Amino acid sequence: MKSIKRKWSLLLLFTMMAFMVSAQSSISGVVKDIEGMTLPGVNVILEGTSKGAVSDMDGKYVITNVENGAYTLVGSYLGFTTFKKAIIVDGRDITVDMVMTEDSESLEQVIVTGVVNPKSKLESSVSVSTLDAKIIEQAAPRSAGELFRNIPGIRAESSGGEGNANFNVRGVPVSSGGSRYFQIQEDGLPLNLFGDTSFGNSDNFLRIDANIGRVEAIRGGSASTQTSNGPAGIINMISKTGNVEGGSIATTFGVDYQTSRLDFEYGQPLGNGLSYHIGGFMRNGEGPREIGYQGNKGGQLKANITKRFESGYVRVYGKFLNDRSVMYLPMPMLLEGSNDDPTFSNLPGFDITNDAVQSANLQQSAGTSPFTGQNHTNDVRNGNNPISKAIGAEFSFSLPNDWKLSGKARYSNNSGQWVAPFTAAVGTVADIEATARDAAGAGTEPLVYSDGNRESFNPSNGLAQIIHMFDVTVEDLSNFFSDVKVSKKIGDDIGVTAGLFTATQNTKIGWQWSSFLSEVKGGGDARLADFDGFSRNGQYSYGTPVWGNCCQRKYNTVHTVNSPYVGVDADITENLNFDGSVRFENVKVNGNIASGPTSQDSYDYNGDGVIQGIEQVVPIISGSDGQIINDDYNFVSFSAGLNYKINDGSAVFGRYSKGASGRAPDRNNYGTDGKADVQYDEVAQLELGYKKRLNNGVLNVTGFMSNTDEGLSNELNREVGNPFKALGVEAETVLRYGENFSFIGSLTWTKAEIDGGDNKGNTPRRQADFVYNFSPSYNFGDNGKHTVALSVLGTSKSYAQDDNDLVMPGYAYFNLIGRAGLTDGLSLVLSVNNLFDTVGITEVEGNGDGAFGNDRLVRARSISGRSTTLSLQYKF
């Protein structure tokens, strides 16, 4: 009897076990993006359980031993919208393929720029914006400055061509030019140690192409402690790495101006944890303004290879950039109306949105090299010609016992040239002739055209200009940066990070400026003028006598930086998070500077044994001349923030930060003891922000206050430096309506004020109360293969200078993108920049140079006019 019972018991047990086994199923599938490319590394889980998997290199995932029941399958991946689908498991295996769409504005997206530890936007107590490849493509930027205008809180003066733009962030000022308080990075390391080195701005060494995977932008906040010389913010250009197979090729032609460009990029996983990406561009053309020659010529090549391990990755990468682009400096304009309500207009024969000071007749500049004291000549057609050969590496590993080690390092061999004409004065022929003659000592020689039969100089509009050629040799702007940090998680709630940033920045730059006389005429064919028997080919001086021959200079310095930093990230409660960080900046500077000519005597430039008119006064810096620089300084930066997660879709945060920026060597004076007048300038900031997930998008709003304590010093023969204060609000949103329509927009209001000196109470120059951008787009056709997108970028009025005498009017310009999908992967794209040919004044020199009828003449810079390109793009 017992034996029978035992047999029935065993039979029942086996039956139950078989039933249980049969009730467990697997869920599998393939994860792809909307273009059909597989996505490795996607986290796939059953919500509310511990069961999950990670997609492999082919995008495949499998979750095994799933019991019967109702579940929600969730797929999450950096930069993509979270995938969710309700499923029912009933004893059978299930296949669920996922299609994930990119979403750079998702509050779940993990950010890596300017934070103590990577975390989602919702959990971060910083103001951060991200732009993915699709948004960049929609913005159709021709330069980094034009791209950065799409980021809230940033005003970019992007009217000068590709590079050398001026940036201010949330009322922190444009002190002299460039971006003193704002750091531009590429893959987490600065492009240059200083953002405002004259003619060596960071964005000179940055080109926008299809290598960029996404852009992360931090304003204020922990930027004070997470980089050197960037307390106002960080923009990090993050490259594609080939973790997803695919690429693109595009050829672009100008419709209403001459340009030709080829872009290409491709990346893929290779198996065994390896992936690579390579891409770049080649181009040539005149540029969007008529200059009379090929002004844009060159290209870039970038490549990286990544090896992924179970606990981390190692990546090496390289970059080669050799690109020439036209630089547009202030040019002649008509100034109509009052200073409070002016209109900047065209002069006869010169269009301020489509013409430039460049000319086919102005191709060579001559002077003396400040490094050797010998003859120097430069081809004006070189324009802004950065040359960069860089190699870098980065790694990150999760170690046992909740330790993590990561690091980045890069060496960049940077050099090049920077040469562009600047209208130093404009007026009637008689006025300009008298000014130039008196300055150069030209005597009574008649003014004649420098070409042809050298007939009498007699422009049809009666106007002439003195051109100062900003001729600069960037002999060595090389740098080495490294940033290594170790993190330790203490329990479940606290993380500590300690790191060391080191830098070596060379600054060997020579100025050899010269002076020309020219008519005021567009079309790229303005003719030059000579004092007959005195000038040579339109050049009447080997210096800049109208400016006291200020600009034969040399800078040859080396900055060495060691910056240890430490940060703490702690969950005070389930919803309340604190993070704080401190950075110790230690800087040493040595080298030599000669900030003006050391002699101004006769010099037989052409070596014919006769001192001719133009050779009578030649400013020279001898190779051995120069003041010794031997300086060192240090400062402490700190930042602390709280983030309170209200629920899964909203959070509020607050942060206070204080940081500083050191000065580039050419933005300062140095005493006989080798010490700088001003070693660094400080910025203190307070922020309060709100982040909200909407039913159809996200909304971020941040209020801010800042105080900038900028020391007084002398730069290029003028005093600069003031205390400043600002307060304001920035808002940004991403909205999606159905499958077809989306809207991206931002608006920043800033009330900035000079807080000391002669202009106390005035608004800082070039600081607008409002800057904004709105970008609606509409997709239609099968799988949304056709697109129409509009981008509106605008600014309210601002002032030309700190004295607030002359207003620069507000403006808004429109960019239009139209994409027609021809077949799978192949598209035809029409891009129109500045659709309505809007005049947008970004810089003015002086308040008027003389009379022109009942109005005045002025030297100013406007955004470029309408330019249209047509591209054939293939994505594969």
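## A four-stranded sheet

Let's start with an open sheet of four strands, arranged in the order β24-β23-β55-β54 with antiparallel pairing. Its edges are β24 (342–345) and β54 (841–852), each of which pairs on one side only. From one strand to the next, the twist averages 35°. Please keep in mind that this is a predicted model.

Strand β23, residues 331–337, runs antiparallel to β24 and is joined to it by four bridges.

## The disulfide

How many disulfides does a search of the whole structure find? The search turns up one, and it is formed by Cys550 and Cys551, with their sulfur atoms 2.2 Å apart. The torsion about the S-S bond of Cys550 and Cys551 is about -65°, so this disulfide is left-handed. Both Cys550 and Cys551 are buried.

## The chain as a whole

Stepping back, the protein chain contains 56 strands and five helices. Its radius of gyration is 30 Å, close to the 29 Å that the globule rule gives for 876 residues, so the chain is as compact as a globular protein of that length. Along the principal axes, the C-alpha atoms fill a box of roughly 135 × 60 × 50 Å.

Of the 876 residues, 56% count as buried. Among contacts between residues at least 6 apart in sequence, 68% join residues at least 24 apart. The accessible surface of the chain comes to about 33800 Å², and carbon and sulfur atoms account for 54% of that surface.

Definitions and conventions: Residues numbered from 1 in each chain as written. Predicted model: local features only at pLDDT ≥ 70, side-chain atom pairs only at ≥ 80, totals over all residues. Heavy atoms only, no water. Pairing = 2+ DSSP bridges. Helix = DSSP H or I, 4+ residues; strand = E, 2+ residues; numbered from the N terminus. Axes fitted to C-alpha atoms, helices over the stretch in contact; angles between N-to-C directions. Disulfide = S-S within 2.5 Å. Buried < 20%, exposed > 50% of the residue type's maximum accessible area, 1.4 Å probe, protein only. Rg over C-alpha atoms; globule rule 2.2 N^0.38 Å. Contact = heavy atoms within 4.5 Å. Areas by Shrake-Rupley, 256 points an atom, 1.4 Å probe, with all protein chains shown as cover.
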